[in-house]
Every structure is written in C-alpha cells, then in structure tokens.
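Work through the exercises below with the sequence and the 3D structure in view. Each task is followed by a worked solution.

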Amino acid sequence: MSTLLVSHLAKRFDSFEALRDINLTLQTGEFVALVGASGCGKSTLLRIIGGLETRSSGALEIDGTPIAAPGRDRAMVFQDYSLYPWLSVVENVRFCRTLKSFAKDQSQAAIGAAVRRANLLIDLMGLSRVRDARPDQLSGGMRQRVAIARALMAQPDFLLMDEPFGALDTQTREVMHDLILHVKEIERSAILFVTHDVEEAVYLADRVVVLAPNPGHIDSVWDISLPPRTQDLKLAPEFLHYKREITQRIRATSGMVSDRATLEALAGD
Ligand SMILES: Nc1ncnc2c1ncn2[C@@H]1O[C@H](COP(=O)(O)OP(=O)(O)OP(=O)(O)O)[C@@H](O)[C@H]1O
Ligand SMILES: [Mg+2]
C-alpha cells in the first residue's frame, strides 16, 4: 500500500502563477481523474508529480518521503505515445530503465524475469500478434497499448496518464477504457488520469478532481459512487447526473464562456 501526498503545492513560471495550494492524496488501488479547462494546469501538476517539473513551494511525498525527481515508483503515459520508432513492440516494452535496473547485476535470472514480464504485459494488452511490428505499422490504439505496457514494466505504484486516449476515435477509446480498468484490477497501481472528457473521467474514476484556472486550483472533488462499469452505464441517470454536474462546474470555472457579443462580432466580420 502506497500513498502519494500533495500538500499546499504551488507552481510559478516566472511571474505567471500556474498552480496554487493544491492538496491531493492518491492511494494504491485508487483511480483519480483530473479534469478542467485547457490551461488550468493539469499537465503541469502531473509533470510535477512525475518529477519532470519542479514545484515552487509545497510538499510532495510518497509514504512520507519527499520526491523531487522521476523514480520507478511512478510511470507516465502521454497522449503522443512516445515510442521508439525504430524498435519493435516487444523491444519498446522491454526497453526501459527497468530492464536495465532489473538487469543491473546482469544475472540471467533478472533478465529472464524482465523478459517474462514484458511478454505477460504484451499478452495483457492484446499485442501478441504484433509483437514484432514497428510503431508505424500499428494503429493509434495499439501504439497506446504499447506505451501503457512499457509504463507498467517497472510495476509502478503510481501510473500518471496525461490525456492518453485523446488522439483515439470513440470506439477505440471505449475499448481502452475497459482495458485500463482491467489493468487497474490486475496491477493494483494507483492511477492519476488527466482528461478533458468528463464522460471518460466519470466512467473510469473513483474520484474526479476539477481544476479551475487563474491560477490553477482545485475547484471541487467528486466521489463517484457507481456500480461496476459497463458501457450501458453511460446512459443511466446516475451516470448522467455526475456528467452534467461536473461539466457545469468546468463551464462555470473555465473563464471561456462563449460571450454572445464576441460571437456576434465574429459572425458580423
Ligand atoms: N514551461 C512553461 N513555461 C511557462 N508557462 C508554462 C509552462 N508550462 C505550462 N505553462 C503555462 O501553465 C499553464 C498550465 O499549463 P498546462 O499545460 O499544465 O495546462 P493543461 O491544463 O494541461 O491544459 P490542456 O488541457 O490544454 O492540456 C498554461 O497557462 C501554460 O501556458
Ligand atoms: Mg495538458
């Protein structure tokens, strides 16, 4: 059981205040979705937690230990797949810090364990058939499954995902949603998932955190109490209730409310 704790975290880029007083906990087994208007600081917060970006103040710790750099307890998945184009699927999954650290002692046992895990993850992600293909021979959904398999190689306690399905079509996204819920059950990683898609957030998460901009801060936190997810649930009144309420919060805080006068001026040009 691991706990990630973000407390009173703030971030400035020179004079621009990107995040103010962010407080968040994430525990093993939890799925938390981070939603909010474009530019409210979702990616910045995720990158800080991943150790890819510094914070200006506040605390960030895992099980009481401060963190300030990337570590194998956290893995990230981005929207753009970030695979090595010249490597095959199986090589992409194996090629990670983990394999090197697994194999630091160069023992056959360590290397064997890493190779076995890579194969298991390739199976879990339904990629066996394309294990020798290169990324340019794969669909977007397949590429993202490779990226997730690679992120899981290190058996991270925390999986940090930044709009991982943002570039996929609706049907592929639905398949990926059920897959990631399955992964969560099997791997027991905690997942922090950035999305601008409220339906995706409500479907996947146990808790939805709404960030609001200027400066980025937590507007509201929603505990999602819904039965086990099936695609039909998306039409159920209780699902639609969460979707509507959260969407309204994002609209109310986005500061990008379509201003009728501006729209009319544009139309008149
Ligand atoms: N390296 C940087 N230097 C200066 N400003 C930055 C930097 N990175 C992000 N910002 C600013 O911080 C704010 C938050 O950016 P961030 O990318 O975290 O937003 P976001 O919520 O992920 O948006 P989107 O939904 O569009 O991905 C933005 O105003 C952005 O311009
Ligand atoms: Mg972003």
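**Exercise 1.** Which residues in helix 1 are buried?

*Solution.* Start with the basis: this is a predicted model, in which local features need pLDDT of at least 70, side-chain atom pairs count only at pLDDT 80 or more, and totals for chains, interfaces and linings use all residues. Residues are numbered from 1 along each chain as its sequence is written, while chains are lettered from A and ligands numbered from 1 in the order in which they are written.
Next, the terms. Helices (H or I, at least four residues) and strands (E, at least two) are DSSP runs, numbered from the N terminus. A residue is buried if 20 or more other C-beta atoms, placed from the backbone, lie within 10 Å of its own.
By this test K42, T44, L45, L46, I48 and I49 of helix 1 are buried. After the helix comes G51, with a positive phi near 85°.

**Exercise 2.** Describe the surroundings of ligand 1.

*Solution.* First list the shell: a residue belongs if its C-beta atom, placed from the backbone, lies within 6 Å of the ligand. The residues around ligand 1 are F13, F16, A18, G36, S38, G39, C40, G41, K42, S43, T44 and H196.
Last, sort by type: the shell has four nonpolar, seven polar and one charged. Here Ala, Val, Leu, Ile, Met, Phe, Trp, Tyr, Cys and Pro count as nonpolar, Asp, Glu, Lys and Arg as charged, and the others, Gly among them, as polar.

**Exercise 3.** In what order do the six strands of the open sheet lie?

*Solution.* Two strands pair if DSSP finds at least two bridges between them. The order is 6-7-8-3-9-10, with mixed pairing. Strand 6 (74–77) and strand 10 (217–223) are at the edges with a single partner strand each, so one side of each lacks a neighbour in the sheet.
Now take one pair. Strand 3 (residues 31–36) and strand 8 (residues 190–194) run parallel over four bridges, and A33 has F193 as its bridge partner in strand 8.

**Exercise 4.** Summarise the whole protein chain.

*Solution.* Count the elements: the chain has nine helices and ten strands. Its C-alpha trace spans about 65 × 40 × 40 Å along the principal axes. Of its 269 residues, 36% count as buried.

Notes. A residue is buried if 20 or more other C-beta atoms lie within 10 Å of its own, exposed if 12 or fewer, and partly exposed in between; C-beta atoms are placed from the backbone.
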